[in-house]
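Hi everyone, thanks for coming. Today I'd like to walk you through one protein, piece by piece. Have a look at it first, and then we'll talk.

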Amino acid sequence: GATTRATLVDLPSGRLVCIYTVSVGASSTQLRSAYSDDGGATWTTGTSACLASAFAGASSTIKRVRAAELGGQVSLFLWSQVSADELYQYVSADGGNLFTSVETVSISTTAYPDLAVLRGSLYLVTLQYDAAYTPSTIRAQSRRLASASQPASSASTSDIGTSAVLPSFGPIDPLLNPLSLL
């Protein structure tokens, strides 16, 4: 069967929008939406084609879809592995009904994009790696976008750290973490 990826966006109006992938051919995929105005108790079919033209790749090549709302626009990132790793960035000005392309970036050493909105900025966080795939070569990296339509490639990038060097969060309370007693 076809592989489906989904993401959920909480709009300022209280509407929840689920954006998901649907196979529309052997090697093409479309984004569709459904929405809820009652906190997810009931859902209504939204747009059946959120992209002007279908994505040129089977639904199984899409590894992750993430979206977030900022300033009245919905930013959407799609990570795909058709012939190489690529990150597709889209923006919607109508609550996630129709998306237009912002940019497509080859990301041969980037994986697992995620989005968060914090203090009026959109943060795209990815894992960066090299061919060794060792804990010391995998690191989290963030990009701060001032708007949902700002190309991610133009955003400033910060290394968060490697999986071998984790940030210190101070002493561990044994009551909160019983494994620390071992």
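**A walk through the model**

So, of the 182 residues in this protein, 38% count as buried. Buried here means under 20% relative accessible area, exposed means over 50%, and partly exposed is in between, using a 1.4 Å probe and protein chains only. Before going on, a word on where this comes from: it's a predicted model, where local features need pLDDT of at least 70 and side-chain atom pairs count only at pLDDT 80 or more, while totals for chains, interfaces and linings use all residues. Residues are numbered from 1 along each chain as its sequence is written, and side-chain values use heavy atoms, with hydrogens and water left out.

What does the secondary structure come to? Zero helices and 12 strands.

One of the residues to look for is Ala6, whose bridge partner in β2 is Tyr20. The two strands make a hairpin with five residues between them, and Gly14 in the turn has a positive phi of about 100°.

Next, the inside. As a general point, nonpolar side chains in soluble globular proteins tend to be buried together. A nonpolar core, for us, is a set of buried Ala, Val, Leu, Ile, Met, Phe, Trp, Tyr and Cys residues joined through side-chain atoms within 4.5 Å. The largest one has 17 residues, and those with the most contacts inside it are Ile19, Leu31, Phe55, Leu76, Leu78, Tyr90 and Phe99. The elements giving it two or more residues are β2, β5, β6 and β7. Apart from it lies another core, of 14 residues, with Leu70, Ile107, Tyr129 and Ala152 among them.

Take Tyr90 for a moment. Leaving aside neighbours within four places in sequence, Tyr90 is in contact (heavy atoms within 4.5 Å) with residues including Leu51, Phe55, Leu76, Phe99 and Val102.

Now find Trp79, in strand β6. Is it buried or exposed? Trp79 is buried, at a relative accessible area of 4%. With neighbours within four places left out, its contacts include Ile62, Arg64, Leu87, Ile107 and Tyr112. Its side chain also joins that of Asp85 in a polar contact of 3.2 Å. By polar contact I mean a pair of N or O atoms within 3.5 Å; within protein, one must be able to donate a hydrogen and the other to accept it, and residues adjacent in sequence count only if both atoms are side-chain atoms.

Last stop, the charges. Side chains of opposite charge can pair when their charged atoms come close. We call it a salt bridge when a side-chain nitrogen of Lys or Arg is within 4 Å of a carboxyl oxygen of Asp or Glu. How many are there by this rule? Three.

One joins the side chains of Asp37 and Arg15, at 2.8 Å from N to O. Asp37 sits in the loop between β3 and β4 and Arg15 in the loop between β1 and β2, so this pair ties together parts that are 22 residues apart in sequence. Asp37 counts as exposed, at 54% relative accessibility, and Arg15 as partly exposed, at 28%.

Arg64 and Asp114 meet at 3.9 Å, N to O. That pair links distant parts of the chain, with Arg64 in strand β5 and Asp114 in strand β9, 50 residues apart. Asp114 also bridges to Arg66, with their closest N and O atoms 3.2 Å apart. As for cover, Arg64 is buried at 19%, while Asp114 is partly exposed at 33%.

How values were computed
Helices (H or I, at least four residues) and strands (E, at least two) are DSSP runs, numbered from the N terminus. Two strands pair if DSSP finds at least two bridges between them.
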